[in-house]
Amino acid sequence: MSYGAKLKDIRKKLGMTLEDISQKTGFTKSFISQIENGKNSPSISSLKKICYALGTTISELFEDERNIVHKFTENDYKILKNKSLSMAFLATKLVNRKLEPMIVEIDPHSETGSDYYRHTGEEFGYVIKGVLTVVIGNEEYVLKEGESIYFSSNLPHKLKNKTDEKLKAFWVGTPPSF
């Protein structure tokens, strides 16, 4: 399938019209239609804009559609640490992934930062050990071991450990950021 046909397929699956994409990109409906039908080759910049409007990336348009399996070991993980937080990114070696799985560990009476995070995508968290407080806007959600949460990442959010014990959670975010 050509990248133009893939763009059209994605647009239709999202229930979007050429007009919708035109409004998001500033391109004419005719230009977008020509790209979808293989009658025009856009610049990388234009293609990137269209992909962004569709919630995809240029690399996803060209990726192999085979089912691929990847196994990772501790040596593959990328660890980011500060004085009270550790984040192990579990699949950074996989290019074009759609998820960012990680293990988050937060020391007692600590948090992911004083600022809230806000970005496009979705997040899912599962508490492995301890008690996690997820702050989303003005609401606090307390999760115990074995409990999980799922939310839209465009909402301002941060994670806190308000207890005397270290917290460990499995976290997945989209799109990947590392």
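The following legends describe close-up views of a predicted model.

Residues are numbered from 1 along each chain as its sequence is written. As the model is predicted, local features need pLDDT of at least 70 and side-chain atom pairs count only at pLDDT 80 or more, while totals for chains, interfaces and linings use all residues; side-chain values use heavy atoms, with hydrogens and water left out.

**View 1**
Strands (E, at least two residues) and helices (H or I, at least four residues) are DSSP runs, numbered from the N terminus. Two strands pair if DSSP finds at least two bridges between them. Strand 4 and strand 9 run antiparallel and are joined by two bridges, with S110 standing opposite N161 of strand 9. Strand 6 (residues 132–136) also runs antiparallel to strand 9, with four bridges joining them. V134 has L159 in strand 9 as its bridge partner, and T133 has K160 in strand 9.

Five of the five residues of strand 9 (residues 157–161) are buried, so the strand is largely enclosed by the rest of the structure. Buried denotes under 20% relative accessible area, exposed over 50%, and partly exposed the range in between (1.4 Å probe, protein chains only). Both faces of strand 9 are covered: H157, L159 and N161 are buried on one side, and K158 and K160 on the other. K158 lies over the face of Y116, at 4.8 Å from the ring centre. A charge is taken to sit over a ring if NZ of Lys or CZ of Arg is within 6 Å of the ring centre and within 35 degrees of the ring normal.

**View 1. The loop at H109.**
H109 lies in the loop between strand 3 (100–106) and strand 4 (110–111). Its phi is near 55°, a positive value in a residue other than glycine. Most residues other than glycine have a negative phi, and most peptide bonds are trans. H109 has 53% relative accessibility and therefore counts as exposed.

The peptide bond from T174 to P175 is cis, with omega near -15°. P175 is placed in the segment after strand 10 (167–174). P175 is also among the residues that lie nearest the centre of the largest pocket.

**View 2. The largest pocket.**
The volume of the largest pocket is about 540 Å³. Its lining comprises 18 residues, of which Y52, G55, T56, T120 and P175 lie nearest the centre. The elements giving two or more residues to this lining are helix 2 (18–25), helix 4 (44–54) and helix 5 (58–62). Helix 4 supplies the largest share, three residues. By class, the lining has four nonpolar, nine polar and five charged residues. Ala, Val, Leu, Ile, Met, Phe, Trp, Tyr, Cys and Pro count as nonpolar, Asp, Glu, Lys and Arg as charged, and the others, Gly among them, as polar. On a 1 Å grid over the protein atoms alone, a pocket is an open set of points with protein on both sides within 12 Å along at least five of seven lines, a cavity is a set of points where a 1.4 Å probe fits but cannot get out, and lining residues have an atom within 4 Å of a point. Grid points are joined across faces, edges and corners, and a volume is the space filled by probe spheres set on the points.

**View 3. The largest cavity.**
The structure holds one cavity of 30 Å³ or more. About 30 Å³ of space lies in the largest cavity, which is lined by L7, R11, I21, I32, I35, E36, I50 and L54. Helix 1 (3–13), helix 3 (29–36) and helix 4 are the elements that give two or more residues to this lining, and helix 3 contributes the largest share, three residues. The lining residues divide into six nonpolar, no polar and two charged.

**View 4. The aromatic pair F27 and F31.**
Two aromatic pairs are present in the structure. In one of them, the ring centres of F27 and F31 are 5.2 Å apart and the planes stand at 70°, so the pair is edge-to-face. Rings of Phe, Tyr and Trp (its six-membered ring) pair if their centres lie within 6.5 Å; planes under 30 degrees apart count as stacked, over 60 as edge-to-face and the rest as tilted. F27 is buried, with a relative accessible area of 15%.
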